[in-house]
Amino acid sequence: MIQIPLIPLPKDYHKYPQEKLIQISNVLFLYPILYLYSLKPKQTIYTKLLYLHLCLLFIATSYYHLNPSTTTLLPDMFAVSSLTILSSLILLDIPEKHIVSMYILSVSSLIYFHYTNNTIAHICIVGGVPAYTSFKLWNTGVNKEIIEIGGYLLLSRITEHNDRNIYSLTNQMISGHLFKHILSMIMILKIIQLMKRLHKI
């Protein structure tokens with residue numbers, strides 16, 4: 001019998017040394033929405049969903065940081081996982097009929113986390129889906145962009161899980177989670193730019 005690895009949230013995950021500043025930093029996630037609008041993308045189901053899920057990410061992360069807890073984290077996790085899958089559907093030209101799979105996978109990973117406190121399913125989505133997308137797009141003329149986006153993704157996860165260590169290393173100037181917000185916003189911008197370059201939006 002295959003044993004599923006247990007990767008729970010760190011015990012102090014919901015305690016942030018710069019909570020007020022992090023709440024303010026959520027405004028950063030409005031910028032990708034405005035940037036997407038400035039590009040005047042094609043009016044398709046995918047672009048409309050992209051607007052919707054970027055707004056959802058802003059609302060969900062803002063809601064979570066008003067009262068950080070495992071319960072309020074669930075919408076934020078859904079926003080992240082669904083936006084990750086949606087981005088891959090767009091970049092890989094997956095037919096729109098597969099949109100439902102995005103919601104099934106995202107909701108299933110949340111249900112699993114809710115009942116087991118195991119983030120492995122969520123990690124498989126936010127890590128595995130971009131890895132598969134990168135593999136499919138490799139050697140199509142965007143290797144540099146793929147490496148850059150992958151770097152931002154990796155750094156955002158490292159800073160997220162080293163929140164207090166980074167806060168100490170920077171002489172209490174910036175916490176890991178605040179740094180994660182900045183990196184995540186830049187990563188989303190880079191993904192939108194890649195979509196535009198590949199004429200996906």
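This is a predicted model: local features need pLDDT of at least 70, side-chain atom pairs count only at pLDDT 80 or more; totals for chains, interfaces and linings use all residues.

Biologist: What share of the residues in the protein chain is buried?

Modeller: A residue is called buried when its relative accessible area is under 20%. Of the 201 residues, the buried share is 44%.

Biologist: Among contacts with a separation of 6 or more, what part comes from residues 24 or more positions apart?

Modeller: Here a contact means heavy atoms within 4.5 Å. Taking the contacts of the protein chain with a separation of 6 or more, residues 24 or more positions apart account for 73%.

Biologist: Now a single helix. How far does α5 reach from its first C-alpha to its last?

Modeller: Helix α5 covers residues 99-116, which is 18 residues. At 1.5 Å a residue the expected reach is 26 Å, and the helix is close to that. From first C-alpha to last, α5 reaches 26 Å.

Biologist: Which helices do the buried residues of α5 pack against?

Modeller: The buried residues of α5 are Ile99, Met102, Ser106, Ser109, Leu110 and Phe113. Seen down the axis they fall within an arc of 100 degrees, so they line one face of the helix. On the other side of α5, Ile104 and Tyr115 are exposed. The partners of the buried residues are α3 (45-66), α4 (70-91) and α6 (120-137).

Biologist: Which residues of α2 are exposed on the face turned away from its buried side?

Modeller: Helix α2 takes in residues 31-38, and its buried residues are Pro32, Ile33, Tyr35 and Leu36. They cover an arc of only 165 degrees around the axis, which puts them on the same side of α2. Their cover includes α3 and α9 (176-197). The face turned away from that buried side carries the exposed residues Leu34 and Tyr37.

Biologist: Are the rings of tyrosine 13 and tyrosine 16 stacked or edge-to-face?

Modeller: Tyrosine 13 is buried at 9% relative accessibility, and tyrosine 16 is buried at 10%. Their ring centres are 6.3 Å apart, and planes over 60 degrees apart count as edge-to-face. With the two planes at 70 degrees, the pair is edge-to-face.

Biologist: Which residues form an aromatic cluster?

Modeller: The model has 4 aromatic pairs, counting rings whose centres lie within 6.5 Å. One aromatic cluster is formed by Tyr13, Tyr16 and Tyr64.

Biologist: Which residues does histidine 161 touch, not counting those up to four places away in sequence?

Modeller: Histidine 161 is found in the loop between α7 (143-160) and α8 (163-169). Its relative accessibility is 46%, so it counts as partly exposed. Leaving out residues up to four places away in sequence, histidine 161 touches Pro10 and Tyr13.

Biologist: One last thing, about backbone angles. What phi does asparagine 117 have?

Modeller: Most residues other than glycine have a negative phi. Asparagine 117 lies in the loop between α5 and α6, and it is partly exposed, with a relative accessible area of 36%. Although asparagine 117 is not a glycine, its phi is positive, about 60 degrees.

Biologist: And where does glutamine 172 lie?

Modeller: Glutamine 172 also has a positive phi of about 60 degrees although it is not a glycine. Its relative accessible area is 56%, so it is exposed. Glutamine 172 lies in the loop between α8 and α9.

Notes:
Residues are numbered from 1 along each chain as its sequence is written. Side-chain values use heavy atoms; hydrogens and water are left out. Helices (H or I, at least four residues) and strands (E, at least two) are DSSP runs, numbered from the N terminus. The expected span of a helix is 1.5 Å times one less than its number of residues. Buried means under 20% relative accessible area, exposed over 50%, partly exposed in between (1.4 Å probe, protein chains only). The arc is that of the directions from the helix axis to the C-beta atoms. Rings of Phe, Tyr and Trp (its six-membered ring) pair if their centres lie within 6.5 Å; planes under 30 degrees apart count as stacked, over 60 as edge-to-face and the rest as tilted.
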